[in-house]
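Please read this briefing with the sequence and the structure side by side. It is written for a reader who is meeting this chain for the first time.

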Amino acid sequence: MKAITFDKFGASDVLTLGDVPEPVLRPDDLIVRTHAAGVNRADLTHRRGGYGWPDFGDSAIMGLEIAGEVIAVGANVKEFKFGDRVMGIVGGGAYAEVSRIDHRMAMPIPAGLDYIQAAAITEVFVTAHEALLHLGRLEKGETVLIHAGAGGVGGAAVQLARAAGATVITTAQASAHDLVRRMGAHHAIDYEYEDFAQVVATLTGDRGVDVILDFIGAPYFERNVNALNFGGRLVQIGIMGGIENAKIPLDRLLYRHLHIIGTVMKSRSQEVKHAMSRRFKERWLSQFGKDGLTPVIDSVFPLSQAGAAQQRMEDGLNVGKIVLTM
C-alpha cells in the first residue's frame, strides 16, 4: 500500500509517499480501506521528533484519525462487518491507503456525511466533549469561554457547548467571527485587539464564566483564572503559547473554589480512550447530519501532498480541519 513515510525529523518536506506493508489483522481490530484522514497538530509534533520514533500501538506510520470502509474484521468483533463505513481515532497509521483500528475506537459514519466530513469529526469532537462536558462538567444554563473557537477542537467545542444549552463566548480573529457565530457562539472576542478578560467581565457583569477551555497556556493562564466564576473550571488542553512565566493568583483560586484540570488525549491509556469515544458516541453521534452538528472543513489535499497540508497548519492558515484523501 502507499503511505507517508520519512527517515529523518524536520520540516514538512521530509514527508514522502512510499510503499509499505499493509497492517495485519488482530482479534479486536478492523482493517479499513482509508478514504480520508484528518490532519492534527500531533502529526506535526511527530514529524519534528517530539515523540521520538514512536509506535503508537497500531502503527509507526503518522496519523491519528481515519474514515473509510471495513475490508476485514477481527475474530472478537461483533458490531461491525465487511463494507461498513466507519470513522475513528487510530494509534498511528492514518496517512496510508489501508489502516487498522481497534473496533472500540470505531464509530459508524452518520448517514448523509461523506468520508471527508467523517475524517474531520472524531479527534476534535471527542476531545471537545471530554474537555468540556466530562472534565469541565459544563451544564445547561452555564457560561463558557472557549479559546481558539475557529480551530478544530475549538470549533467543535463551540458547537457542543451551544447544543448543551450553554452561553458561548469564544476568542477568534475578527475574520473568523462570522464563522464562529454560525457554529453557535453568542459572543466573539477579537483576541488580537481585545483583552478577553475585560470583555468577559463586561459580558458577565464581573461574575465570570463557569468553564474555560484553553489551548494557549502561560500567556492566558492568569487572566483565565481571573475570568472564572465561583466554582469555575479551567480545562487546559494545550500550551501553544508556551509554559514560561505562568502566573496563578492563588487568592482567586482559593476564595473562588476554582478547579484547574489538564488533559492530553494522546497519552491516555487505551481503556480511557475507549471510554472517551464511547461517551462521545452515545451522546452526540446521532446529532450529526443535516441541520445538526457538522465538522468545519478548511481544505482537502491528496495523500501525496501531506507535507503541504501540514505546512498550511504550521503556518496557522487553517480555519477548521485539514483533510487528506486517498
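Predicted model: local features only at pLDDT ≥ 70, side-chain atom pairs only at ≥ 80, totals over all residues.

Residues are numbered from 1 along each chain as its sequence is written, and side-chain values use heavy atoms, with hydrogens and water left out.

**Helix 1 and helix 10**

- The axes of helix 1 (residues 41–48) and helix 10 (residues 306–314) come within 10 Å and cross at roughly 110°, which makes helix 1 roughly perpendicular to helix 10.
- Helices (H or I, at least four residues) and strands (E, at least two) are DSSP runs numbered from the N terminus; axes are lines fitted to C-alpha atoms, for helices over the stretch in contact, with angles from 0 to 180 degrees between N-to-C directions.
- Angles under 35 degrees count as roughly parallel, those over 145 as roughly antiparallel, those from 65 to 115 as roughly perpendicular, and the rest as oblique.
- On the side of helix 1, R41, D43, L44, R47 and R48 take part in the meeting, and their partners in helix 10 are Q310, M313 and E314, where contact means heavy atoms within 4.5 Å.
- The buried residues of helix 1 are A42, D43, L44, H46 and R47, and their cover includes strand 3 (29–39) and helix 10.
- Buried means under 20% relative accessible area, exposed means over 50%, and partly exposed lies in between (1.4 Å probe, protein chains only).
- Just after helix 1, G49 takes a positive phi of about 100°.

**Salt bridges**

- Side chains of opposite charge can pair when their charged atoms come close.
- A salt bridge is a side-chain nitrogen of Lys or Arg within 4 Å of a carboxyl oxygen of Asp or Glu, and by this rule the count comes to 14 salt bridges.
- The side chains of E314 and R47 form one of them, at 2.8 Å from N to O; because E314 lies in helix 10 and R47 in helix 1, this pair ties together parts that are 267 residues apart in sequence.
- In that pair, E314 counts as partly exposed at 28% relative accessibility, whereas R47 is buried with a relative accessible area of 1%.
- D19 is exposed, with a relative accessible area of 59%, while K2 is partly exposed, with a value of 33%.
- R207 forms a salt bridge with D210, the closest N and O atoms being 3.8 Å apart; R207 is partly exposed at 32% relative accessibility, and D210 is buried at 9%.
- R26, D29 and R100 are linked in a network of salt bridges.

**A nonpolar surface patch**

- I248, L250 and I260 form a nonpolar patch on the surface, and together they have about 250 Å² of accessible area.
- Patches are made of residues with over 30% relative accessible area and no salt bridge, where like charges are joined within 9 Å and nonpolar side chains (Val, Leu, Ile, Met, Phe, Trp, Tyr) within 5 Å.
- Accessible areas come from the Shrake-Rupley method with a 1.4 Å probe, and for residues only the protein chains shown count as cover.
- I248 is placed in the loop between strand 12 (228–236) and helix 8 (250–255), and at 34% relative accessibility I248 counts as partly exposed.

**V153 in helix 4**

- V153 lies in helix 4 (residues 152–163) and counts as buried, at 18% relative accessibility.
- Leaving aside residues up to four places away in sequence, V153 touches V124, T127, A128, F215 and I237.

- Most residues other than glycine have a negative phi.
- Phi of A148 is near 55°, a positive value, and A148 is found in the loop between strand 8 (143–146) and helix 4, where A148 counts as partly exposed at 30% relative accessibility.
- H257 has a positive phi of about 55° although it is not a glycine; H257 sits in the loop between helix 8 and strand 13 (259–262) and is exposed, with a relative accessible area of 56%.
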